[in-house]
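The sequence and structure come first.

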Amino acid sequence: DAAVAQKVQGLVVSIPDATALEKSVKAAAEAGIPVIVIDSGEDQVQKLGLKLFVGTTSYFEQGVRAAKQLKANGVTKGVCANHEAGNLVNESACDGFIKVMGANGDRVEVSMDPTDTAGRMKAYLSAHPDVNGILALGAPSAANIVHALRDAGTLAKYKIGNFDVSGDTLDPLSKNEIAFSFDSQQYMMGYLPIVMLTLNAKYGLLPINNIYTGPNPVTGNDVAKIQELSKKGIR
């Protein structure tokens, strides 16, 4: 609201809660301020008359891509480990995963508690010995699963994919304990909209389509570069 009152030449916003933010964001668009949405709120762009979205694809699409990536890594049967049962975003990721895996895909509920996750994963994998691939839906969850399977001495049996890149996953990535992590490339999310709005303010130029910064799969080969760039606040 303050930005609209100042008549800024552009706004970059994230819309994690449309109910709370709709009125203010719509007011900016109606005031003629170009608004670019980043990270959350892609579904609000057209509805509120905003310009475009810069961020990662939907969780459903990420689930689809993750399943394809795991299959390319030799996974024949896989499970989507959901650490937040009932969360529609997470559920949609598992839906996308199972769409690709078909009858060879399943889902299992875990949690953010390492001990609880270890018990649930060990029980599931014991009951499903033909599973050789696991998709985790976040870095902490992936770390919990890796630790549990490492402690059980069974980690080498599984290809593990993961959403998000963090310190929790860089070490397992470097050891190939995690096959890949999806990077949303948040630096790019912040950088590109400013470039676009600058070009718009100067020359009236603006892309017409949404721009997806992720999911960009990173592997153990990327870890050293990511660690170096993270010290500079870029990764």
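## Second largest pocket

The second largest pocket has a lining of 14 residues, and those nearest its centre are Asp-183, Gln-185, Gln-186, Ile-234 and Arg-235. A pocket is found on a 1 Å grid over the protein atoms alone, as an open set of points where a 1.4 Å probe fits, with protein on both sides within 12 Å along at least five of seven lines; lining residues have an atom within 4 Å of a point. The space in the second largest pocket is about 240 Å³, where a volume is the space filled by probe spheres set on grid points joined across faces, edges and corners.

Helix H8 (167-174), helix H9 (186-203) and helix H10 (223-230) each give at least two residues to the lining of the second largest pocket. Helices (H or I, at least four residues) and strands (E, at least two) are DSSP runs numbered from the N terminus. The lining of the second largest pocket comprises seven nonpolar, five polar and two charged residues. Here Ala, Val, Leu, Ile, Met, Phe, Trp, Tyr, Cys and Pro count as nonpolar, Asp, Glu, Lys and Arg as charged, and the others, Gly among them, as polar.

## Basis of the model

The model is predicted: local features need pLDDT of at least 70, side-chain atom pairs count only at pLDDT 80 or more, and totals for chains, interfaces and linings use all residues. Residues are numbered from 1 along each chain as its sequence is written, and side-chain values use heavy atoms, with hydrogens and water left out.

## Largest pocket

The largest pocket holds about 440 Å³ of space. Its lining has 16 residues, with Asp-39, Ser-40, Thr-57, Tyr-59 and Val-89 nearest the centre. Strand S3 (52-56), helix H4 (59-72) and H5 each contribute at least two residues to the lining of the largest pocket, which divides into four nonpolar, eight polar and four charged residues.

## Disulfide

A disulfide is a pair of cysteine sulfur atoms within 2.5 Å, and the count by this rule is one. Cys-80 and Cys-94 form the link, with an S to S distance of 2.1 Å. Cys-80 lies in strand S4 (residues 78-82) and Cys-94 in helix H5 (residues 88-101), 14 residues apart. The link of Cys-80 and Cys-94 is left-handed, with -75° about the S-S bond.

Buried means under 20% relative accessible area, exposed over 50%, and partly exposed in between (1.4 Å probe, protein chains only). Cys-80 counts as buried because its relative accessibility is 0%, and Cys-94 is buried at 0% as well.

## Nonpolar cores

A nonpolar core is a set of buried Ala, Val, Leu, Ile, Met, Phe, Trp, Tyr and Cys residues joined through side-chain atoms within 4.5 Å. The largest has 23 residues, of which Ala-81, Met-121, Leu-125, Ile-134, Ile-145, Leu-149 and Ile-160 touch the most other members. S4, helix H6 (114-127), strand S6 (133-136), helix H7 (139-152), H8 and H10 each supply at least two residues of this core. H7 gives the most, with four residues. Another core, of 15 residues, lies apart from it and includes Ala-66, Met-101, Leu-137 and Ala-179.

## Helix H8

Thr-169, Leu-170, Pro-172 and Leu-173 are the buried residues of H8. They pack against H7, strand S7 (159-163), strand S8 (180-183), strand S10 (216-218) and H10, where contact means heavy atoms within 4.5 Å. Asn-176, which follows H8, has a positive phi, near 60°.
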